[in-house]
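Subject: Structure handed over, with notes on what was found

Dear colleague,

Please keep it in view while you read, and look up each residue as it is named.

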Amino acid sequence: MPSATGDDDTPLVSHTGALLTRPVTFVFTLVPTAEQDQLCFQHAGAFRLVFNHHVARVFANLDQREAEKSYGLEGEQLTPALSWSKVSLINHMNAWKNGHAPDSPVTELAHGTTVRGLPWRDAVSADVFETASVNAAQALKNWRDSFRGERKGKKVGRPRFKAKHRTTPTFRLRAKYTEGKTPPVRPAGPRAMRFPKLGEIRVAEHTGRLGKMLRTGRFHPYAAAFTYRNGRWQVAVTGMAAEHHHLRRSTRHRHDRPAGVDLGVHKLAVVADTDGLVLHEWTGVKPLQHAQARLKLANQALARTKQGSNGRKKAVRRLGTIHARVRQLRRHLLHDITSTLVTRCSTVVIEDLNVAGMVRNRSLARHLSDAALGELRRQLEYKTGWYGTRRVVADRWFPSSKMCSRCGHIHDGLTLADRVYQCPECGLELDRDVNAAINLATRAFEPVPDVAPPQPVAA
Ligand SMILES: [Zn+2]
């Protein structure tokens with residue numbers, strides 16, 4: 001049986017026989033009516049309540065046992081430990097909201113009768129209770145694993161309660177697609193989406209591509225995540241998509257010489273091939289620079305306002321809008337760079353960004369932040385897989401900037417201020433970014449030490 005989540009190892013196959021291997025997300029901005037907007041907030045409120053309920057219950061149990069142990073109780077005498085597995089939390093939540101748990105809430109009605117369980121449970125999609133329980137289980141697991149040293153990366157703290165005014169309103173619906181049935185999350189027209197419980201909601205973007213991929217069995221959604229940011233709701237429909245058509249993957253119309261990508265000293269990105277031909281160039285992107293300048297002004301304006309004043313509220317809102325724009329422009333730019341690279345070139349050579357970020361002038365970092373460099377690399381990894389593009393990572397000690405692309409001389413006296421590479425050996429004069437890009441391009445033919453060979457399919 002094909003699974004819609006792709007969790008198991010068996011490949012996911014759609015009803016048209018397409019192999020679904022690419023995790024893909026469609027994002028839409030909602031244009032809800034006042035009632036739908038309210039309903040979304042109600043769902044987010046339920047999501048928060050369920051998450052907080054689980055965290056409070058688990059920690060009450062842990063604290064209780066801790067206290068009992070300090071009185072010298074042990075083993076059987078202790079209050080039994082609660083299970084925090086996803087299934088346990090989901091089962092408990094079902095009993096709790098329906099009034100079948102010993103600690104179910106009791107509401108008193110006007111005429112003296114009482115109702116056990118959550119009185120508004122049917123107003124909200126049942127998915128919310130389940131997905132919030134799954135989130136709580138995951139947060140608790142991350143905390144425990146981190147505590148025991150079984151989790152890589154930064155230490156994860158005790159899960160915190162989601163406070164109404166400090167957390168971003170969010171909730172998730174399951175959109176599991178069952179073969180032969182109408183998908184629960186689907187377009188309801190060119191600019192409308194249908195969701196379980198929420199009904200038909202107008203969206204700002206065109207839904208055509210998602211609709212077509214659903215109809216042809218090239219996309220199986222499994223979740224729809226709603227987030228309220230900067231005054232509007234966005235929904236991310238995630239799922240698994242089919243491989244690109246082989247013609248889109250074909251390299252026929254691509255530049256056949258390897259292309260080196262130099263990431264910004266003075267320009268964001270410069271792409272050149274082994275013959276010194278500059279294929280693409282991203283200089284300081286105007287809209288992004290403009291938005292960043294506005295961001296600075298908005299920050300200054302905020303600093304001039306008085307705490308608690310109406311002016312401050314307005315300034316905060318304005319700042320939020322500009323932040324959102326900067327974020328979107330950055331995202332767009334990264335996708336533009338990576339998509340262009342993988343669809344126009346047959347071989348892409350990049351430098352080892354982990355090191356590049358540290359030793360270089362931070363020009364690109366200033367525009368895109370260090371996290372964006374990692375994101376750029378991540379996108380390159382999966383997109384080269386999508387389009388069958390060869391990806392080569394130059395080794396981290398390769399002196400792409402200092403080397404002369406004509407004679408190979410290493411120019412140690414080159415400083416970051418030198419915009420033009422001037423070779424003391426052969427007299428070459430070339431834009432330093434272009435010189436570095438050419439050097440990188442030539443690495444496509446070199447054996448690459450210290451780095452894993454390029455993965456042809458990374459999806
Ligand atoms: Zn030279």
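Predicted model: local features only at pLDDT ≥ 70, side-chain atom pairs only at ≥ 80, totals over all residues.

The chain as a whole

The protein chain holds 10 helices and 17 strands, and of its 459 residues 42% are buried.

The zinc site

Which residues coordinate the zinc ion? They are Cys404, Cys407, Cys423 and Cys426, each through its SG atom, at 2.3 Å. Along the chain these donors follow the spacing C-x2-C-x15-C-x2-C, a pattern that you can look for in the sequence. The arrangement around the zinc ion is tetrahedral, because the angles that the four donor atoms subtend run from 108 to 111 degrees, and four donors count as tetrahedral if all angles lie between 85 and 135 degrees. As for accessibility, Cys404 is buried, with a relative accessible area of 1%, whereas Cys407 counts as partly exposed at 37%.

Helix 3 covers residues 126–147, and helix 2, which covers residues 86–98, packs against it at an angle of about 140 degrees, with the two axes 9 Å apart. Helix 2 and helix 3 are therefore oblique to each other, and helix 2 passes helix 3 in a right-handed crossing. On the side of helix 2 the contact is made by Lys86, Leu89, Ile90, Met93 and Lys97, while the residues of helix 3 that take part include Phe129, Ser133, Ala136 and Leu140.

Helix 1, at residues 34–70, also packs with helix 3, here at an angle of about 40 degrees and with the axes 8 Å apart. That angle makes helix 1 oblique to helix 3, and the crossing of these two helices is right-handed. The contact draws on residues of helix 1, among them His43, Phe47, Phe51 and Phe59, and on residues of helix 3, including Phe129, Ser133, Ala136, Leu140 and Trp143.

Leaving aside neighbours within four places in sequence, Asn61 is in contact with Thr79, Pro80, Ala81 and Leu82.

Asn142 is found in helix 3, and its relative accessibility of 17% means that Asn142 counts as buried too. Once residues up to four places away in sequence are not counted, Asn142 touches Arg151 and Val156.

Tyr228 belongs to strand 9, which runs over residues 219–229, and it is partly exposed, with a relative accessible area of 24%. Although Tyr228 and Asp37 are 191 residues apart along the chain, their C-alpha atoms are separated by 10.0 Å. Not counting residues up to four places away in sequence, Tyr228 touches Phe41, Thr168, Pro169 and Trp233.

Where does Lys197 lie? Lys197 is in the loop between strand 7 (192–195) and strand 8 (199–203), and it is partly exposed, at a relative accessible area of 47%. Its backbone deserves a look, for Lys197 has a positive phi of about 70 degrees although it is not a glycine. As background, most residues other than glycine have a negative phi.

Lys212 lies in helix 4, at residues 208–215, and counts as exposed, with a relative accessible area of 53%. Between Lys212 and Pro187 there are 25 residues of separation in sequence, and their C-alpha atoms are 9.6 Å apart in space.

How values were computed: Residues numbered from 1 in each chain as written. Heavy atoms only, no water. Donors = N, O, S within 2.8 Å, 3.2 Å for Na, K, Ca; no water. Tetrahedral: all angles 85-135°; square planar, octahedral: opposite > 155°, others 65-115°. Buried < 20%, exposed > 50% of the residue type's maximum accessible area, 1.4 Å probe, protein only. Axes fitted to C-alpha atoms, helices over the stretch in contact; angles between N-to-C directions. Helix = DSSP H or I, 4+ residues; strand = E, 2+ residues; numbered from the N terminus. Parallel < 35°, antiparallel > 145°, perpendicular 65-115°, else oblique. Left-handed = near helix turned anticlockwise from the far one by under 90°. Contact = heavy atoms within 4.5 Å.
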